[in-house]
Amino acid sequence: MRTPHMTIEAPVASRLPGPPPPSAAGRATIKGATGVQNGSASAGVRTRSQHQRRKRIVQAAAALASRGGVEAMQMRTVAERAGVALGTLYRYFPSKMDLVVAVVSEEIDLLEGSIERRPPSAATASGRAVDVLMRATRGLMREPELADALIRSLIMAEVDTPFGDRMTGLLLRVVGDGLTPETATEEQFALTDSLASIWVHELLEMLRGHRTYEQIQRRIEIAATRLLADLRPAASA
């Protein structure tokens, strides 16, 4: 979307009372400063415009996938729905898999925002982990076709995806009171990462019709209790 450009005409010095106009050197300095300011403003407008365009593309892809799976995310169709040229789409996302990854990242962004606004309140690490994973389950299952398409595509993907790492990082933050993949011990990371992997498997089973929501929750509770029984917050790790 092109941002309208507004030109403001500078006042004519002879019409206004006040000090004499600046010297040539002064004019050069003012012109240079104005150029920097205008350049910064233009860069800011471009950045916002690019961010909005990228967001439209990701939303268009998610909408198509929610109705017809990843197969419906044809690049030309996504471009048309987002209102961008096909070449523009490929500049943002060189392949369909890059676009799938972006849609998944958007879903995780929404989950992280929910966690920040309403952090898990359970007293135990396992309880907080179950809260996060079941919130993620509810969020994904609002669009089951999209969830199924995205998770299956990521499992079979030949490119690096942020899904597992981001879920593990999110779990570490809530169960370890601020732990991160960088500050966690090898054991803490392995246990939390294993729980995230179990959740992905259980979610797939639910999408295949082999699990109910209640069954998944119970199985996640059992796994979290066993895996995180000895996990301690960062301060006492």
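In which helix does Gly139 lie? I looked this up before anything else, in what is a predicted model. Gly139 lies in helix H5.

**Entry on Gly139.** I checked the burial of this glycine next. Gly139 has a relative accessible area of 19%; the cut-off for buried is under 20%, so Gly139 counts as buried.

**Entry on H9.** I listed its buried residues as Ile216, Ile220, Ala223 and Ala224. Looking down the axis of H9, I found these within an arc of 100°, so they line one face of the helix. As a reminder to myself, an α-helix has 3.6 residues a turn, so residues three or four places apart point the same way. What covers the buried residues of H9? I found that the cover includes helix H5 (125–141) and helix H8 (186–207). Turned away from the buried side of H9 is a face with the exposed residues Glu214, Arg218 and Arg226.

**Entry on H2.** I put the burial question to helix H2, residues 75–82, as well. Its buried residues are Met75, Val78, Ala79 and Ala82. They take up an arc of only 100° around the axis, which puts them on the same side of H2. On the other side of H2, I recorded Arg76 and Glu80 as exposed. I then looked at what comes after the helix. Gly83 follows H2, and its phi is positive, near 75°.

**Entry on H4 and H7.** At what angle do helix H4 and helix H7 pack? For H4 (residues 96–117) and H7 (residues 163–175), I noted an angle of about 10° and axes 10 Å apart. The cut-off for roughly parallel is under 35 degrees, so H4 counts as roughly parallel to H7. I then listed the residues that meet. H4 brings Val104, Ser105, Ile108, Asp109, Leu111, Glu112 and Ile115 to the contact. From H7 come Phe163, Arg166, Met167, Leu170, Arg173 and Val174. Sorted by class, I have eight nonpolar, one polar and four charged residues in the contact of H4 with H7.

Note on methods. Residues are numbered from 1 along each chain as its sequence is written. This is a predicted model: local features need pLDDT of at least 70, side-chain atom pairs count only at pLDDT 80 or more; totals for chains, interfaces and linings use all residues. Side-chain values use heavy atoms; hydrogens and water are left out. Axes are lines fitted to C-alpha atoms, for helices over the stretch in contact, and angles run from 0 to 180 degrees between N-to-C directions. Helices (H or I, at least four residues) and strands (E, at least two) are DSSP runs, numbered from the N terminus. Angles under 35 degrees count as roughly parallel, over 145 as roughly antiparallel, 65 to 115 as roughly perpendicular and the rest as oblique. Contact means heavy atoms within 4.5 Å. Ala, Val, Leu, Ile, Met, Phe, Trp, Tyr, Cys and Pro count as nonpolar, Asp, Glu, Lys and Arg as charged, and the others, Gly among them, as polar. Buried means under 20% relative accessible area, exposed over 50%, partly exposed in between (1.4 Å probe, protein chains only). The arc is that of the directions from the helix axis to the C-beta atoms.
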